[in-house]
Amino acid sequence: MDIKPGFCCLGITDKCMLKCQMCYKWQDKEAQNYPTVEQYKKFLSELRELVDEGFRINFGGGEALLFEGVLDLVRFSVDKGFSANIASNGWLINEQMAQRIADSGLNEINLSLDSIDESTHDYLRGVKGVYRRVMSAIEYLNKYSKNTRIGVCCVIYDYNLDGLLPLIDWAVNNDKLSSISFMAPMQPNNTGVEKEWWEGKYNFLWPKDTDKACRFIDKVLELKKIHSKIGIPVVQLEAFKHYFRCPDKFVKKTKCNLDRAVHVSAVGDIFLCFRWDRLGNIKNGDDIRELWQSGRANDVRKNIGNCKDNCHFLLNCFFESDYPFALV
Ligand code: SF4
Ligand code: SF4
C-alpha cells in the first residue's frame, strides 16, 4: 500500500455552546462516551508511523476546547513531530486559556469569524457576545502564543456576503493575524441529508445572487496576488465558483481525494469519509496502521472513487487540485 494519509481531523467533541444558523450540533444533548486521552495518544502514535514529519492534525468539533484533554493531545502531537491545528469559535479563549494554548505548543488556531460587523457575526453564530469573544481571543492569543499562527475563517453566506471585503481588509491589515480563509456554505451539520438542500428550507444560507458571489471570489483571487495572508488556494476558490454556479455538479474533474483522509468522530469511530463504513474505533484499540491497509478501507476507497457529492469535507476541509501542478 503506497497511499499515505494526506489529511487527519479529530472531531474531538460534539459539544458546543453556540447556536449557529448553519449547525445543529448544539441541539444534541445526548451524553456520549468519548475516548480517553490515552486512547487518543495510542492512535496518534500509530498514525505517526504512516506519515511524514510535520503532518497536520486538525482538532475540530463541536467546540474543540470543550474537550478536557485537547491541549494535552496538542502537546503530545507536537512532541511527536506533527503540526497541530485547532478550529475554534473563540468563546472559551480568555487570558488563562490563551496561556494554556501557548504552553501546549499549538502551531495554528483558526477562529470562526463571519463578519467584521458585530451584529452579523452574532446573528450567524446564534449567541450575543461571540464577536467580542473572538476579538478578545485574538488579543490574548497574540499576547501569549507567540509561536501560534492565528487565522480567521469565514463561511460565505447570503447574509454576510456584502460584508466580506471589509472583513478581508481588516484581516490583512491586522498584524496579529497570520491568515484569513473561506469556506463554502453547506447544509447545516446534524441535519438529515437533503438533495438540493440549497433550494429547500436551508436556502437562507445560500447566496441568492450567484453572479455577486462569483464576483466576490474573483475579487479574493485578485487580492490574493498582493496579500499572502489570504491562504486559500486558487484551485479551491475556482471550485467555489463552480459550486455557486452549479451546486449539483461535481466540482472535481477526476475523483474525490478523501480516500487519503482519516477522520475520527467524537465517539472514536475511525472513517476515511463519514458517508461510508467506519473502519474501526479507537476505544477498541484498533490500530490505524492495519485499518489503513485493510480490505474494508479499500472497499470504502472504491465507494469514494464513485462519489460525486460536493460535500464539506471535499470543498472545505481537504481540497486538492485535479491537476498535476497545484495552483497556489
Ligand atoms: S458551527 Fe461550530 S461553533 Fe457553530 S454550533 Fe456548530 S460546532 Fe458550534
Ligand atoms: S465527495 Fe463523497 S466520498 Fe468524498 S468526502 Fe464527500 S461524501 Fe465523502
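Select strands β1 (residues 7-11) and β2 (residues 56-60): β2 runs parallel to β1, joined by four bridges. Strands here are DSSP runs of E with at least two residues, helices are runs of H or I with at least four, and both are numbered from the N terminus. Two strands count as paired if DSSP finds at least two bridges between them. At this pairing, C8 has I57 in β2 as its bridge partner.

The model is a predicted one, in which local features need pLDDT of at least 70 and side-chain atom pairs count only at pLDDT 80 or more, while totals for chains, interfaces and linings use all residues. Residues are numbered from 1 along each chain as its sequence is written, and chains are lettered from A and ligands numbered from 1 in the order in which they are written.

Between β2 and β3 the chain passes through helix α2 (residues 70-80), a right-handed β-α-β crossover. Right-handed means that, with the strands pointing away from the viewer, the path from the first strand over the helix to the second runs clockwise.

Stay on N85. Is N85 buried or exposed? N85 is buried because 22 other C-beta atoms lie within 10 Å; the cut-offs are 20 or more for buried, 12 or fewer for exposed and partly exposed in between, with C-beta atoms placed from the backbone. Beyond its neighbours within four places in sequence, N85 is in contact with R56, N58, F59, N107, E108 and N110, where contact means C-beta atoms, placed from the backbone, within 7 Å. C9 is 76 residues from N85 in sequence, and the C-alpha to C-alpha distance is 9.4 Å.

Now select β4 (residues 108-112) and β5 (residues 149-155), which pair in the parallel sense over five bridges. N110 is opposite G151 in β5. On to β6 (residues 179-183): it is parallel to β5, again with five bridges, and V152 is opposite I180. The chain gets from β5 to β6 by way of helix α6 (residues 164-172), in a right-handed β-α-β crossover.

Return to β1 and select β7 (residues 261-264), which is parallel to β1 over four bridges; L10 has V264 as its bridge partner. Show the whole sheet: nine strands, open and mixed in pairing, in the order β6-β5-β4-β3-β2-β1-β7-β8-β9. The edge strands, each pairing on one side only, are β6 and β9 (280-281).

Contacts of F59, leaving aside neighbours within four places in sequence, include L10, I12, A64 and V70.

Finish at the ligands. Ligand 1 is surrounded by C16, L18, C20, C23, K25, W26, G61, G62, E63, N89 and N189, taking residues whose C-beta atom, placed from the backbone, lies within 6 Å. Around ligand 2, select C256, L258, C273, R275, I304, C307, D309, C311, F313 and L314.

Terms used
Two residues are in contact if their C-beta atoms, placed from the backbone, lie within 7 Å.
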